[in-house]
Structures are given as structure tokens and as C-alpha cells.
Amino acid sequence: MSMARNRLFFSIRAFALQHIRRQSLYSGTSQFPFHGESRFHIVDLRSDTVTKPTARMRQAMAEAAVGDDVYREDPTVNALETEMAALFGKEDAIFVPSGTMGNLCSLLSHCFGRSEEIILGDKSHIFCYEQGAYSQFGGIVSHLLPNQPDGSIRLDQIESARRRDRLHQPTSRLLCLENTHNLSGGRVLPLDYMRQAYEMSHKLGLQVHLDGARLMNATVALQCSPREMTQFCDSISMCFSKGLGAPAGAIVAGDKDFIDRARRMRKALGGGMRQVGILAAAAFVAMENYETKIAADHTNARRIAEAVQALRSPFVYADYPETNFVMLKLCGVPANEVLDQLNTVTPSEEEHHGRGIIVRGFSWANGTQIRLVTHCNISDEDTTWAIKKIAWVAHHLTQRKPASSKMAAV
């Protein structure tokens with residue numbers, strides 16, 4: 001039996017190494033170089049969640065001091081929670097496995113009783129992409145308001161949404177905001193809007209939770225400190241595994257009573273981890289020089305957008321990005337067709353560029369747009385290759401399809 005287990009272990013290990021080798025051969029940013037460089041250069045812009053840990057991050061994980069975090073004995077986690085609470089100007093913080101769990105723990109900790117209500121945007125990540133877990137696990141009711149194109153919610157609508165009939169209606173408890181705003185294309189909520197929403201919510205007896213999965217992108221874009229933004233919320237959830245490049249983990253911050261409740265909710269949801277300092281160590285490395293890294297991501301996003309604008313293609317256009325999201329707006333051609341071409345290398349293209357280029361993106365807005373997200377694994381060189389590939393595809397679309405007067409006029 002022992003020999004069979006050993007054979008299984010080494011078979012799995014060999015398969016994993018083969019998979020790593022295959023990926024590295026087709027990736028222009030490989031961390032595992034092998035002999036025989038591939039013709040293909042892959043630029044993966046589907047999301048900033050696809051990043052790989054750096055060598056420094058892997059070393060920090062391997063050397064992390066650990067303990068049982070459920071017993072509050074993991075020194076690396078304890079240090080991370082203390083540092084992040086101070087960074088956000090909050091009394092306490094808790095490390096959780098993911099941003100989704102961070103949001104759920106927060107909502108369950110704000111809303112104690114069933115049928116209590118949260119007010120949030122109809123295009124918020126919490127509503128659209130987290131399974132309505134607040135209802136599944138907490139019996140929380142959602143009151144949806146339309147998100148504006150910049151991701152904000154109109155203040156007058158928030159005020160009107162607050163319930164006043166306690167006998168017949170749910171009890172309004174919480175306003176949820178999102179910064180940066182995913183479905184609006186990485187848009188940033190300004191500090192003045194955050195302040196107004198926070199002050200009005202407190203006058204209405206509402207708390208404010210900020211889904212700050214990409215909070216650091218917002219603070220870099222606004223050139224403000226995290227504390228300057230988080231002063232306008234009662235709780236905050238932020239991911240280490242998106243723009244910051246860690247493999248997993250998120251932080252939730254708030255006052256001590258709130259974090260005590262969140263710790264209880266985390267345990268109930270199965271998020272009580274043990275020697276998790278290995279992930280907290282990765283988060284520490286992710287936070288190092290985050291302003292410089294994220295600013296570079298924003299610069300690369302602007303480079304792509306400006307190059308697309310310069311094409312003056314009748315089929316594809318890009319607005320100026322506020323953060324690391326580039327939204328390619330399409331006219332007369334579906335996103336899947338463009339994505340297929342971005343993922344296909346033809347002999348003529350390979351001859352023209354000297355190698356094949358593959359750009360991975362994400363279909364968006366019911367196939368009318370393509371989302372490209374720059375991140376810490378995308379270099380200046382990768383950005384240049386991506387621009388070349390997009391230009392190649394746009395040129396061939398022009399040759400194959402009649403121009404649309406609507407997009408041509410943009």
C-alpha cells in the first residue's frame with residue numbers, strides 16, 4: 001500500500017511539473033525557464049487574479065513563522081492584522097481566505113437579525129457575483145439601486161431607500177459601496193462622494209461597508225492614503241490576491257466589536273485556518289511598494305487604451321482607463337469573434353512579428369466589450385506585444401468587414 005501511495009504521489013508530481021513546463025514554454029513571462037523558447041508569447045489579461053507568486057514571495061512563504069491562527073497564535077497573521085488595521089485607521093482587522101468571504105463576514109456582522117436589509121448597487125460585485133450569500137446564510141434582504149456609469153449610487157436614491165415603516169418593512173442596516181467598481185470598468189469613487197455617502201448614511205442610521213477588493217488601485221489613482229478613503233466607511237474588505245499579486249487572502253477591518261463578530265462568522269463559514277502564516281507572509285510581500293507596482297499597472301493600461309484609440313478602427317475603441325481595466329468597446333463584431341482572433345496565431349502574423357502572440361481577455365457587457373486587466377505579472381514588454389496583437393486583429397477586421405458608420409465617427 002505504501003509503495004502504491006508513493007507511485008501515486010510521484011505520478012501527480014510528474015504531471016504537475018509537465019503542466020508547469022508546458023505553461024512556461026508558451027508564456028512570455030515564465031518563471032520556469034526551459035531550453036527551447038516557444039514561438040508564442042502569451043499575455044494573459046483576463047484578470048489580475050491570474051498572477052503567479054514571485055520568487056521573493058515564495059521564499060517568504062517557505063520561511064514564515066506560523067502558529068494556530070484559530071487560537072490567535074500565528075505571529076505572521078497577527079502582525080498582518082495589526083499592520084492592516086493601522087493602515088486603514090481601524091481598531092482591528094481579521095485575515096480571511098477570500099474577498100467573497102470577507103464581504104460575507106462583514107454583512108453578517110453588521111446585520112444581526114433575519115430580514116434586516118442592505119442597500120447596494122444593482123451592478124455591485126456583492127450582488128452579481130457572490131451568489132446572494134447574504135440571503136443564503138443570513139436571511140438578509142437586499143434593496144437594489146441603479147449604479148451610475150462611474151459605479152456610484154445617487155445619494156437621493158439612497159436616502160429614499162432607507163426603510164421607515166418598522167412594522168411592515170425590513171429594517172435598513174447597511175449601505176454597501178464598491179471601490180474600484182468592477183462592472184463599471186474599474187472606475188474610482190471620488191473621496192468627496194465617499195464622504196457625502198458616509199455622512200448621509202450615518203444621519204439615516206446606516207452603517208457603511210466598502211467592498212474594496214481593489215482598494216489600493218483606487219488610492220493610487222486618487223493619490224491618497226488608504227486611511228483617507230477608509231475613514232468614510234465602518235468596515236472594509238480588501239483582497240491581496242487581485243492587483244497586489246498574492247495567491248490568496250483578504251483582510252477585513254473595522255472596530256473591535258465588529259471584528260469579534262466577524263471572527264465568529266469566519267469560523268461558522270469554514271474560514272478558520274490554522275498555520276496560515278504562509279499566506280499572510282505572501283500578503284506582506286504583496287504590500288511592499290504597492291504604490292509603484294500598481295502605478296505601473298495603470299500606466300500599462302493607459303498605453304493599451306491610447307494605442308487602441310490611435311488605431312481609429314471602426315470596430316474597436318477604448319475609453320481612457322482610470323485604473324488597470326481597459327474596456328475595448330466593439331461595434332459590428334461580437335466579443336467572442338475578437339477573442340478567438342486574439343487567441344489564434346496565423347503563419348502570416350508569426351512571420352510579421354517574428355513570433356506568435358496570444359492575448360487573453362474576457363468577454364464583457366453581453367459580448368459588446370472585451371475587458372483587459374493589467375497586473376503585476378505584465379511587463380512593459382508584454383504590454384508592447386499586446387498592443388501589436390490588438391493592432392493586427394483590428395487591421396484584419398477592417399479588411400474582412402464593412403465599416404460601421406457609428407463607430408467610425410467615434
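F362 is partly exposed, with a relative accessible area of 39%. Keep in mind as you look at this residue that the model is a predicted one. The ring partner of F362 is W364, and the two form an edge-to-face aromatic pair. W364, for its part, is buried, because its relative accessible area of 8% falls under the 20% cut-off.

A pair of aromatic rings is described by the distance of the centres and the angle of the planes. The count of aromatic pairs comes to 3. For F362 and W364 the values are 5.9 Å centre to centre and 65° between the planes. The pair counts as edge-to-face because the angle is over 60 degrees.

Let's turn to the backbone. In the loop between α4 (99-110) and β3 (116-121) you will find S115. Its phi is near 75°, a positive value in a residue other than glycine, and S115 is partly exposed at 39% relative accessible area. Q131 also has a positive phi, near 60°. This residue sits in the loop between α5 (125-128) and α6 (133-138), and Q131 counts as exposed because its relative accessibility is 67%, over the 50% cut-off.

Next comes a cis peptide bond, which runs from N179 to T180 with omega near 5°. T180 belongs to the loop between β5 (171-178) and α8 (191-203).

Technical notes
Residues are numbered from 1 along each chain as its sequence is written. This is a predicted model: local features need pLDDT of at least 70, side-chain atom pairs count only at pLDDT 80 or more; totals for chains, interfaces and linings use all residues. Side-chain values use heavy atoms; hydrogens and water are left out. Rings of Phe, Tyr and Trp (its six-membered ring) pair if their centres lie within 6.5 Å; planes under 30 degrees apart count as stacked, over 60 as edge-to-face and the rest as tilted. Buried means under 20% relative accessible area, exposed over 50%, partly exposed in between (1.4 Å probe, protein chains only). Helices (H or I, at least four residues) and strands (E, at least two) are DSSP runs, numbered from the N terminus.
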